[in-house]
Amino acid sequence: MKAAVHNSFGEPIDVIEATDVDTPTAGAGEVLVKMTLSPIHNHDLWTIRGNYGYKPELPGAIGGSEALGTIAEIGDGVEAALVGQRVAVAGVHGSWAEYFTAPAGGVLPLPEAISDADGAQLIAMPFSALSLLESLKAKEGDWIIQTAANGAVGKVMVALAKSRGIHLLNLVRRPEAAAELEALGAEHVLSTSDEGWQDRAAALVGDRAVSAIDSVGGEVSAALVDLLASDGELVVFGTATGAPMPLSSGALIMKQITVRGFWGSRVSAEMAPEERKRLITELVTLAAQGALRLDVGGTYGLDDVSEAVTAARTPGRSGKILLRG
């Protein structure tokens, strides 16, 4: 079968390539999935660089961690009725391939109302966003501030906050991104490149911003602390810039701000099964109703994985880059 493989860690454009490898077989408790579409996430790129919390074995590591596909084969102990079902799955390794294996208990059969493109990116980022929202202090009627609001998680958070009656201040780094987000129906959007944005943000949220989500890092992190109310929380979800967070000790002390990280993979792994089922049901329901915005920025074949990775790293893209099986 064809797969996107890297034999060393490094910049994805330099080390990932499409090649022929042996087709895997489903082991006990597993299913073999014929991949239809698989997204390129930032954490997939960090994994290829060797800088993520999970490091695959080399050589011969296959990229990708989420996909939509059809179950082609089952292993021992798995219900035969699963064969032929269209499923979404995340938290796997090696989904950038024509076939990959997954735990049978981790696949999610999808209703016809959810498209292939939506289903392919339904779990990882949206589930992380919903799990993050669930963990925040902010409840109905409160304010949340989020950076990188035009990213995959940011757009999902817009829909999730609205469904729960939570107010959301959306921060982006470019005026064009603000216009794009507003065109999608997002409210309260500010560009941090505009002069005076902090004053406008403060006037909007007042002392009601209970939680802030930062996926950028750098100077904006300090601004978030200034905008938070007393006893608020700053949750670090990502770092688009990789820059250190220059937080003011005085503001942290006087406001008694809590700063913590959020790693979706760990949260998901530690989540109780009934909690996971409840959140997944909420996600599937919103997606089936068309309430989640899961844009696609381009679709590429496995042979074009280098071009796909380049597109995924291009600033300003409007949606997720998908690989086609």
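Predicted model: local features only at pLDDT ≥ 70, side-chain atom pairs only at ≥ 80, totals over all residues.
**Entry 1: pairing, before anything else**

I count two strands as paired if DSSP finds at least two bridges between them. With that settled, I looked up strand E12 (residues 209-214) and strand E13 (residues 233-236), which pair in the parallel sense over four bridges. Isoleucine 213 has valine 235 of E13 as its bridge partner.

**Entry 2: the whole chain**

The chain holds 12 helices and 16 strands. Its radius of gyration is 20 Å, close to the 20 Å that the globule rule gives for 325 residues, so the chain is as compact as a globular protein of that length. I also took the extents along the principal axes, and the C-alpha trace spans about 60 × 40 × 35 Å.

**Entry 3: the six-stranded sheet**

Back to E12 and E13, to see what they belong to. Six strands make up an open sheet with parallel pairing, and I read the order as E11-E10-E9-E12-E13-E14. Which strands stand at the edges? Strand E11 (189-191) and strand E14 (258-261) do, each with a single partner strand, so one side of each has no neighbour in the sheet. From one strand to the next, the twist averages 20°.

Helix H8 (residues 219-227) does, and it touches strand E9 (143-146), E10, E12 and E13. The direction of H8 makes about 170° with that of E12.

**Entry 4: the three-stranded sheet**

I moved on to another open sheet, this one of three strands in the order E2-E1-E4, with antiparallel pairing. Strand E2 (16-20) and strand E4 (61-62) are at its edges; each has a single partner strand, so one side of each is left without a neighbour in the sheet. Strand E1 (residues 2-6) pairs with E4 in the antiparallel sense over two bridges. For valine 5, I found isoleucine 62 in E4 as the bridge partner. I also looked for a helix here: H12 (residues 305-312) lies across E1 and E2 and runs at about 150° to E2.

I went through the backbone angles and kept two spots. Leucine 58 and proline 59 are joined by a cis peptide bond, with omega about -5°. I placed alanine 148 in the loop between E9 and H5.

**Entry 5: the second largest pocket**

Last, I opened up the second largest pocket, whose volume is about 470 Å³. It is lined by 21 residues, and the closest to the pocket centre are Val158, Ala159, Lys162, Gly185 and Ala186. Which element gives the largest share of the lining? H5 does, with six residues. Helix H5 (152-163) and strand E10 (167-172) each supply at least two lining residues, and E10 is also one of the strands of the six-stranded sheet.

Methods
Residues numbered from 1 in each chain as written. Heavy atoms only, no water. 1 Å grid on protein atoms, 1.4 Å probe; cavity = no way out; pocket = protein on both sides within 12 Å on 5 of 7 lines; lining within 4 Å. Points joined across faces, edges and corners; volume = space filled by probe spheres on them. Axes fitted to C-alpha atoms, helices over the stretch in contact; angles between N-to-C directions. Contact = heavy atoms within 4.5 Å. Rg over C-alpha atoms; globule rule 2.2 N^0.38 Å.
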